[in-house]
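The following paragraphs lead the reader through one protein model, from its overall organisation to selected residues. Please keep the sequence and the coordinates at hand while reading.

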Amino acid sequence: MRKLIIGLSVAAMTAGAVALPTLASAQEAQYTTSYAAPVAGAVVGTAVGVGLYHGWFGSGAFVSTLPTTAVGAATIGGVAGIGTVALIDSVLQPCRGFHALFGANKGACVNGEYVGYAPRRMR
């Protein structure tokens, strides 16, 4: 159990350290997101794959159904990595993902594109 907590903590801290600078400003997030999400996905996917292969996650009912071979652990790690990339993308995109779901940037989005808080065109 200690190995599980340490492994997941290291993966979360590394993913956070890579992804958090993208939240600095919306202008910079457009360029930084292009490499932050895949790097964080690779880190988390690797941690999950190696953890499954070495048995870091214990022997619970769900974990025992997952493959522990090298190929199976790599596949599950790849799925976890892709899920991490999708999660980071849905959090960071100002007009898509969670922001659109919860209506966070209604005044700053036009047709799904971020336009900032510029004055609106009068009709």
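Helices (H or I, at least four residues) and strands (E, at least two) are DSSP runs, numbered from the N terminus. In these terms the protein has four helices and two strands, and their order from the N terminus is α-α-α-α-β-β.

This is a predicted model, in which local features need pLDDT of at least 70 and side-chain atom pairs count only at pLDDT 80 or more, whereas totals for chains, interfaces and linings use all residues. Residues are numbered from 1 along each chain as its sequence is written, and side-chain values use heavy atoms, with hydrogens and water left out. The predictor's confidence in each residue, pLDDT, runs from 0 to 100; its mean for the protein is 75, and 72% of the residues reach 70 or more.

Of the 123 residues in the protein, 29% are buried; buried means under 20% relative accessible area, exposed over 50%, and partly exposed in between (1.4 Å probe, protein chains only). In soluble globular proteins, nonpolar side chains tend to be buried together. The largest nonpolar core here consists of six residues: Val44, Val48, Leu52, Phe57, Leu66 and Ala73. Such a core is a set of buried Ala, Val, Leu, Ile, Met, Phe, Trp, Tyr and Cys residues joined through side-chain atoms within 4.5 Å. Helix H2 (residues 26-54) gives the most to this core, with three residues. Contact means heavy atoms within 4.5 Å; not counting residues up to four places away in sequence, Leu52 touches Phe57, Leu66, Pro67, Thr68, Ala73 and Ile76.

Thr84 belongs to helix H3 and is buried, with a relative accessible area of 14%. Beyond four places in sequence, Thr84 touches Ala40, Gly41 and Val44. A polar atom of the Thr84 side chain lies 2.8 Å from the backbone oxygen of Ala80.

How many disulfides does the structure hold? There is one disulfide, a term for a pair of cysteine sulfur atoms within 2.5 Å. Cys95 is joined to Cys109, with an S to S distance of 1.9 Å. The pair links distant parts of the chain, 14 residues apart: Cys95 is in the loop between H3 and helix H4 (98-102), and Cys109 is in strand S1 (residues 109-110). The disulfide is left-handed because the torsion about the S-S bond of Cys95 and Cys109 is about -90 degrees. Cys95 counts as buried at 12% relative accessibility, whereas Cys109 counts as partly exposed at 22%.

Terms used
Polar contact = N/O pair within 3.5 Å; in protein donor to acceptor, adjacent residues only side chain to side chain.
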